[in-house]
Amino acid sequence: MVDDEISVSKLYRKIITSNEMKVFRILENCDEELKERLMKKMENNGSESAKNMLQKLQRYLI
């Protein structure tokens, strides 16, 4: 579980610092469970960039 959480954190940091196109390409390779975990992490973060990215993802993924 610890390694899994570290992997999610690394992927989360990559998503937050990337542009939209790269984020969508990253998420294409993720399963639904991982997408949910990443979106939950963005929701809990509270930063402006995380909120903006979450809104864009929700429009296109849901």
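I take buried to mean under 20% relative accessible area, exposed over 50% and partly exposed in between, with a 1.4 Å probe and protein chains only.

**Ground rules.** I am working on a predicted model, in which local features need pLDDT of at least 70 and side-chain atom pairs count only at pLDDT 80 or more, while totals for chains, interfaces and linings use all residues. Residues are numbered from 1 along each chain as its sequence is written, and side-chain values use heavy atoms, with hydrogens and water left out.

**Entry 1, the whole chain.** I looked up the secondary structure, for which helices (H or I, at least four residues) and strands (E, at least two) are DSSP runs numbered from the N terminus, and I found 4 helices and 0 strands, in the order α-α-α-α along the sequence. The C-alpha trace spans about 30 × 25 × 20 Å along its principal axes. For the radius of gyration, taken over C-alpha atoms, the globule rule is 2.2 Å times the number of residues to the power 0.38; a compact globule of 62 residues would have a value near 11 Å, and the chain agrees with its 11 Å. I noted that 29% of the 62 residues count as buried.

Which residues of H2 (residues 20-28) are buried? I found Val-23, Ile-26 and Leu-27, and they lie on the same side of H2 because they cover an arc of only 95 degrees around the axis, the arc being that of the directions from the helix axis to the C-beta atoms. An α-helix has 3.6 residues a turn, so residues three or four places apart point the same way. On the face turned away from the buried side of H2, I noted the exposed residues Met-21, Arg-25 and Glu-28.

I then turned to Lys-35, which lies in helix H3 (residues 32-45). Is Lys-35 buried or exposed? Lys-35 counts as buried because its relative accessibility is 14%. With contact meaning heavy atoms within 4.5 Å, and leaving aside neighbours within four places in sequence, I found Lys-35 in contact with Leu-27 and Cys-30; Leu-27 is one of the buried residues of H2.

Not counting residues up to four places away in sequence, Glu-43 touches Leu-54 and Gln-58. I also looked up Gln-55, 12 residues from Glu-43 along the chain, and the C-alpha atoms of these two residues are separated by 9.7 Å.
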